[in-house]
Amino acid sequence: METLNPPAMLKWLAEKDPQRLQTLYREAYACKLRNVGPKVYFRGLIEISNICAKNCYYCGIRRDHRDLQRFSMTEEEILEAAKTVHDLGYGSVVLQSGERQDAAYALFIENIIRKIKNLTAQKLGITLSLGEQTAETYERWFRAGAHRYLLRIETSSPALYRKLHPEDHSFDARRNCLRDLRAIGYQVGTGVMIGLPFQTYEHLVSDLLFFREEDVDMVGMGPYIPHAGTPLSWPAGSYDPADHFRLGLVMIALARLTLRDVNIAATTALQALDPSGREKGIAAGANIIMPNSTPTAYRKFYQLYDNKPCLDENALQCRSCLENRICGGGDEVGYGEWGDPPHFLKRSSGSRNISSKAT
Ligand code: SAM
Ligand code: SF4
């Protein structure tokens, strides 16, 4: 394959021939095997609250979406869900929620992190996806035992960011959060939505270059999917799920070929557009899957976009369903392991001694 410079990336983003695309996916899959190995790691995703102080124009749980019952899981419920994730053999849990920056929430999360660690004899890895916070809060959560943080930049273009968010949401503040997280010692993940209104292929190329410049350890990106109750609308009838799906896979493959030794997630949004979306994501170079481990009673209140999948299956059903699909494709699941990205291990070797195995 030719060198993956920006013109080549642009060419692949425009490529629609299924056979030629398969050569890209195969190349990215081989690159994954060489750089991060053959295992797929599961992270149990617990959506702990849909209360959000922000108002991103695309998101189904934004503050001004009034027509939505709000929930916050109790400490007991979160611990029980984390225990289930651990018992299922997933090496890590991801705690995700709408954004809250108040002191009570920071303390609540800090305590939960400590308790999850104690409950699982320090074995369960903890990833957070709780939005923008002060460096001090990030530091407290890190000291309590969280070691990875996912914060999508959403788009690397400040001008496009401005179109997707109200005035008081800041691209620079979000990027600075990524830098704070890195300085504190987290494994840092970011990502973008793919196929946003106003987004061009050139924007997507810049996104890939942004991941490289910020030297991220993990990438979690997926197709943008409209939510009817949000202000961001897609011109009527022109949203093409198949093309959004294609772009989602191409971006995974290009990210793998550009960044090589990072972890890349095959996200739920891929599955929303194609029932085998996550397996196809794995075949295009991803190595992480985040099975929904939120108690089923709460899932219908965490609809970021229309037709979000897996509303009814419980965590165990999710695991067997995924395992069959992954192993059917010839991949192996890394049960009981943290599955840290080699990229992080390389850049931190010598400075911090963090185990790459939970057991
Ligand atoms: N509040 C935290 C934050 O924004 O970082 C974490 C939760 S937020 C729901 C997680 C991600 O959901 C966002 O970073 C965004 O990329 C994604 N998301 C929101 N609305 C979406 C949509 N309509 N389609 C696809 N992804 C969406
Ligand atoms: Fe809130 Fe995150 Fe949704 Fe923005 S993307 S409205 S911060 S939950």
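This is a predicted model: local features need pLDDT of at least 70, side-chain atom pairs count only at pLDDT 80 or more; totals for chains, interfaces and linings use all residues.
1. Shell around ligand 1. There are 19 residues around the ligand. Those that come nearest are Tyr 58, Arg 152, Glu 154, Arg 174 and Ile 225. By class, the shell holds 10 nonpolar, five polar and four charged residues.

2. Polar contacts of ligand 1. For Arg 152, a polar side-chain atom lies 2.8 Å from a ligand oxygen. For Arg 174, an N or O atom of the side chain is 2.9 Å from an oxygen atom of ligand 1. Ser 97 contributes through its backbone: one of its polar backbone atoms is 3.1 Å from a nitrogen atom of the ligand.

3. Cover of ligand 1. On its own, the ligand has 550 Å² of accessible area. The protein covers 93% of that.

4. Length of α2. This helix runs over residues 18-35, which makes 18 residues.

5. Buried side of α2. Leu 21, Leu 24, Tyr 25, Ala 28, Cys 31 and Lys 32 are the buried residues of the helix. They sit on the same side of α2, because they cover an arc of only 120° around the axis. Note that the list includes a lysine, Lys 32.

6. Opposite face of α2. Which exposed residues does the face turned away from the buried side carry? They are Gln 19, Arg 26 and Arg 34.

Notes: Residues are numbered from 1 along each chain as its sequence is written. Chains are lettered from A and ligands numbered from 1 in the order in which they are written. Side-chain values use heavy atoms; hydrogens and water are left out. A residue is near a molecule or strand if one of its heavy atoms lies within 4 Å of it. A polar contact is a pair of N or O atoms within 3.5 Å; within protein, one must be able to donate a hydrogen and the other to accept it, and residues adjacent in sequence count only if both atoms are side-chain atoms. Accessible areas come from the Shrake-Rupley method with a 1.4 Å probe; for residues, only the protein chains shown count as cover. Ala, Val, Leu, Ile, Met, Phe, Trp, Tyr, Cys and Pro count as nonpolar, Asp, Glu, Lys and Arg as charged, and the others, Gly among them, as polar. Helices (H or I, at least four residues) and strands (E, at least two) are DSSP runs, numbered from the N terminus. The expected span of a helix is 1.5 Å times one less than its number of residues. Buried means under 20% relative accessible area, exposed over 50%, partly exposed in between (1.4 Å probe, protein chains only). The arc is that of the directions from the helix axis to the C-beta atoms.
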